[in-house]
Amino acid sequence: MQFNSTNIGLRLQDMGNVSGGGAIDIRPGADNVTVAGNHIGNDGDVDFGRFGVFVDANSAVIGGTSVADRNTISDTDSAIVVANGTGTTISGNYLGVTPDGTAALQNGSDGVWVWAAAGNVTVGGSTVAQR
């Protein structure tokens, strides 16, 4: 799926290999996008696709400090990938667990993968809600 605006509250399961690499794919030019409150994968099949969220734009916000903003992402190769762009913030997400955070559901390799071309990326923070 490709978005150019705020995306809140999707439940994505059993999509197989998603085109473009991500279940949620933030493409160049789609700056200032917020991805919050989504459940991606989370069914234990470990066949969801390459990435839960793929960021290739500026100033994306993935998650947030409230429970409602939390994304839960599992059953992917990498939960969140920041490939390019600057100013992305990733906080408060549950990666590799069930939506309630009580049981493990694996991701294939990375929870968060920041590529060298991305700049000024913030992952987590100083508070429990940001981590």
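The model is a predicted one, in which local features need pLDDT of at least 70 and side-chain atom pairs count only at pLDDT 80 or more, while totals for chains, interfaces and linings use all residues. Residues are numbered from 1 along each chain as its sequence is written, and side-chain values use heavy atoms, with hydrogens and water left out.

Aspartate 100 lies in the loop between strand 11 (94-95) and strand 12; helices (H or I, at least four residues) and strands (E, at least two) are DSSP runs, numbered from the N terminus. Aspartate 100 has a relative accessibility of 51% and so counts as exposed, on a scale where buried means under 20% relative accessible area, exposed over 50% and partly exposed in between (1.4 Å probe, protein chains only). The C-alpha atom of aspartate 100 is 8.5 Å from that of threonine 72, although the two residues are 28 apart along the chain.

Now for the aromatics. The whole structure holds four aromatic pairs, where rings of Phe, Tyr and Trp (its six-membered ring) pair if their centres lie within 6.5 Å, and planes under 30 degrees apart count as stacked, over 60 as edge-to-face and the rest as tilted. One of them is the stacked pair of phenylalanine 51 and phenylalanine 54, with 5.3 Å centre to centre and 25 degrees between the planes. Both partners are tucked away: phenylalanine 51 is buried at 4% relative accessibility, and phenylalanine 54 is buried at 7%. Phenylalanine 54 also pairs with tryptophan 115, and because the ring planes stand at 80 degrees with centres 5.7 Å apart, that pair is edge-to-face. This pair ties together distant parts of the chain, 61 residues apart: phenylalanine 54 sits in strand 6 (residues 51-56), tryptophan 115 in the loop between strand 12 and strand 13 (122-123). Tryptophan 115 itself is partly exposed, at 30% relative accessible area. Ring pairs link Phe51, Phe54, Trp113 and Trp115 into a cluster.

Most residues other than glycine have a negative phi. Serine 59, not a glycine, has a positive phi of about 60 degrees; this serine is found in the loop between strand 6 and strand 7 (61-63) and is partly exposed, with 31% relative accessibility. Asparagine 120, likewise not a glycine, has a positive phi of about 55 degrees. Asparagine 120 lies in the loop between strand 12 and strand 13 and is exposed, with a relative accessible area of 64%.

Finally, the charged end of arginine 70 sits over the ring of tyrosine 94, 3.9 Å from the ring centre; the criterion here is NZ of Lys or CZ of Arg within 6 Å of the ring centre and within 35 degrees of the ring normal.
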